[in-house]
Amino acid sequence: MRELAYVNGEIMEIQKAMVPIEDRGYQFGDAVYEFIVSYNGRMFCLEEHLDRLQRSMAGLEFPSMERESVRGAILKLFAAAAIPRAGLYLQISRGVAPRNHQVPEAAGQQVIMTIRAVTEKPTELRENGAAVITTEDLRWGRCDWKTVQLLPNVLAKQKAVAAGVFDAIFVSAEGVVREATSSNVAIVKDGVVVTHPLTTHILPGITRMVVLGLCRELGIPAEERFFKTGELYGADEAFLTGTVTEVLPIVKVDDTAIGTAEVGPVTRRLAAELRERARA
Ligand code: PMP
């Protein structure tokens, strides 16, 4: 087991991996990324992550890359690291060029990765649920593209940490509940799961999609529609979904307890089913 980095085809120690200072990802946030995990030595939803990567790259009008070569690079690093429960970060920047807002003709995309053991969320949080705060969504208009421009997410997460809670949920100026800093949000009311529809305001989460599939399979009614903070406060249950977050119960939002302030049955079931599928 070795934590490793990958820079444009070369695998090395993470501490030795460097990027040029004129990488556009570094200077402009002109880069896209994915974070993929493995369970028991098998990558989970790799193809879905590659689909989303292609969509993000197309959104920024990056020259397209051979899907086969990206997949090959990921699997090569994964095999070299041999970490059964790994978290692989992949970033592709538009390339390296003298600093200029105008997109350079040919800058040579930079592909970098790191692979480390996953830091699991504390069991206490999974068992008893998390508290979160809401915060105004100050992000840009294309949150459906997975770009590295994460400063609003960083600041919102830090606001949550300062408030002594797990995370922050972005809410629009009109009060629409969008998503959390690195996960999607769902509520449960009268047995129905409700989550934000796929628009430009949220990331199309892979875990969100898997969980909606589980709902269909298990006969749990699910709706993709807008809901506001009032519905969130008044929900029976609420949870986050994300690659590392998995299905994480929310038991408190701002000063309001959700339902009985205990992890509800729908959340508990979806969390268990997701883990089972991922580990299978
Ligand atoms: N929303 C945001 C803003 C995220 O960063 C993430 C994590 N990639 C998610 C949602 C959840 O997506 P996924 O289930 O694909 O990890």
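Modeller: Here is a short tour of the ligand site. This is a predicted model, in which local features need pLDDT of at least 70, side-chain atom pairs count only at pLDDT 80 or more, and totals for chains, interfaces and linings use all residues. Residues are numbered from 1 along each chain as its sequence is written, and side-chain values use heavy atoms, with hydrogens and water left out.

Start with the shell. There are 17 residues around the ligand, where being near takes a heavy atom within 4 Å. R52, K146, E179, T207 and T243 come nearest. By class, the shell holds 10 polar, 4 nonpolar and 3 charged residues. Here Ala, Val, Leu, Ile, Met, Phe, Trp, Tyr, Cys and Pro count as nonpolar, Asp, Glu, Lys and Arg as charged, and the others, Gly among them, as polar.

Now the polar contacts (pairs of N or O atoms within 3.5 Å). A polar side-chain atom of K146 is 2.5 Å from a nitrogen atom of the ligand. The side chain of E179 has an N or O atom 2.6 Å from a ligand nitrogen. For T207, a side-chain N or O atom is 2.6 Å from a ligand oxygen. Taken alone, the ligand exposes 390 Å², and the protein buries 93% of that. These areas come from the Shrake-Rupley method with a 1.4 Å probe.

Which elements give two or more residues to the shell? They are β9 (177-180), α6 (206-218) and β13 (237-242). Such elements are DSSP runs, numbered from the N terminus: helices (H or I) have at least four residues, strands (E) at least two.

Methods: Polar contact = N/O pair within 3.5 Å; in protein donor to acceptor, adjacent residues only side chain to side chain.
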